[in-house]
Amino acid sequence: MVAKYENAVLRLAQNDQGRDCVVGDIHGHFELFEQLLEQIDFDDQLDRILSVGDSIDRGPDSELAMEYYEKPWFYSVIGNHEAMLVGSIKQISGLHELWMHNGGEWAELVSDKELREMAAFFDTLPYAIDVTTPNGQVGIVHADFPPKLSWTKFLVDLEAKKLSDRNMKILLWSRETFKKMHMSIEYPGAMQASNISGVHRIYVGHSIVKSPASFGNIMFIDTGAYVNGRLCAVDITNEEIIMVKGV
Ligand SMILES: [Mn+2]
């Protein structure tokens, strides 16, 4: 398919006609995702889905992912699972093994040509989505947000390819803020959450929560579709949570 994304940052204008819903890690559970679309009464002409990434691996239907990426209403950042597929195809040392140990086995039944096409496309996925809403800017990254950065500075650095390798890795793999959130629940007062400036809220997936939960203005929305069949979406304007549960 023709590249849908041209930059490490995707900036989306406010959706005045319909709703924007951010969805957690799908991990091949596209039947659940369809159920979710039905539940929110999704209008494919007006509404948009913004995915936190990790659409593939671990679940049943990873090979269907591209069908969704091709939809004009489906936008996604790259997750560590898409990045493992890309790294594997690029023959980056250790990436193929890492991917196979993390739910990539389905790929053995997919043709090389198809995998290469997926990798080429995933390689164009943005690392961050920035959406204008009536509440201000809303951000989406896969796993976590680098400490001590404002959202504005982060976007500028990312677009200019000046974000450090360490911070790029945080976006895809980190669980630091997730751990802090847990610490703050276990030991009230021990951890002080401060908001990331320049952004109303940042949605992330990657780390599983029972239901969407926040630390500062970072909200975790991966409810573990591949573990317990729970997939959730949040309307980024009114922050309503929609959850579906598979069998
Ligand atoms: Mn992940």
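Me: Okay, so helices (H or I, at least four residues) and strands (E, at least two) are DSSP runs, numbered from the N terminus. With that in hand, where does Asp-54 lie?

Reply: In this predicted model, Asp-54 sits in the loop between S3 and helix H2 (65–69).

Me: What is the phi of Asp-54 like?

Reply: Asp-54 has a positive phi, about 60°, although it is not a glycine.

Me: And is Asp-54 buried or exposed?

Reply: Buried, because Asp-54 has 30 C-beta neighbours inside 10 Å, and 20 or more is enough to count as buried.

Me: How many bridges join S2 to S3?

Reply: There are 4, and S2 (residues 20–23) runs parallel to S3. Within that pairing, Val-22 has Leu-50 as its bridge partner.

Me: And what is the bridge partner of Leu-50 in S4?

Reply: That's Tyr-75. S3 and S4 (residues 74–76) are parallel and joined by 3 bridges.

Me: Which unit do S2, H1 and S3 make?

Reply: Together with helix H1 (residues 30–39), S2 and S3 form a right-handed β-α-β unit.

Me: New topic: where is His-206 found?

Reply: His-206 is in strand S7 (residues 201–208). It has a positive phi of about 75° although it is not a glycine, and His-206 is buried, with 25 other C-beta atoms within 10 Å.

Note on methods: Residues numbered from 1 in each chain as written. Predicted model: local features only at pLDDT ≥ 70, side-chain atom pairs only at ≥ 80, totals over all residues. Pairing = 2+ DSSP bridges. Right-handed = clockwise from strand over helix to strand, strands pointing away. Buried ≥ 20, exposed ≤ 12 C-beta atoms within 10 Å, placed from the backbone.
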